[in-house]
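Hello,

Here is the structure we talked about handing over. My notes on its salt bridges follow below.

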Amino acid sequence: MDIEQLLKEASEGKRGAHFVESKITKEAMPFWIALKDRVKDGVVMKPYVVHRLLDEHFNIQISESAIRKYLKKLETSNE
């Protein structure tokens with residue numbers, strides 16, 4: 001356990017892609033990688049559906065808004 005890292009997170013919070021990526025479990029990683037590949041190929045994903053699938057199938061709680069921001073950043077980084 002890195003105390004400095006914990007204190008930094010306590011003061012700044014987790015943000016952006018690091019937050020979303022940190023929530024993805026080993027079990028969900030194949031789905032997540034495939035989803036990212038599709039987004040990079042130009043397929044538009046519905047954030048509310050991604051949110052629901054992560055919650056129902058992998059018990060991962062990430063807000064719909066965080067997923068929306070993550071996917072939008074992923075889309076724009078490939079333009």
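**Salt bridges in the model**

Glu 64 and Arg 68 form a salt bridge, with 3.1 Å between the closest N and O atoms. This is a predicted model. Both residues belong to helix α5, which covers residues 64-76. They sit 4 residues apart, or about one turn of the helix. Glu 64 has a relative accessible area of 29% and is partly exposed. Arg 68 is also partly exposed, at 40% relative accessibility. Neither residue counts as buried, because that class requires a value under 20%.

Arg 52 has a relative accessible area of 38%, so it falls between the 20% and 50% cut-offs and is partly exposed.

Another salt bridge joins Glu 21 to Lys 36, with the closest N and O atoms 3.3 Å apart. Here the pair links distant parts of the chain, 15 residues apart. Glu 21 is in helix α2 (residues 16-23), whereas Lys 36 is in helix α3 (residues 29-40). Glu 21 is partly exposed, with a relative accessibility of 26%.

Regards

Notes. Residues numbered from 1 in each chain as written. Predicted model: local features only at pLDDT ≥ 70, side-chain atom pairs only at ≥ 80, totals over all residues. Heavy atoms only, no water. Salt bridge = Lys/Arg side-chain N within 4 Å of Asp/Glu carboxyl O. Helix = DSSP H or I, 4+ residues; strand = E, 2+ residues; numbered from the N terminus. Buried < 20%, exposed > 50% of the residue type's maximum accessible area, 1.4 Å probe, protein only.
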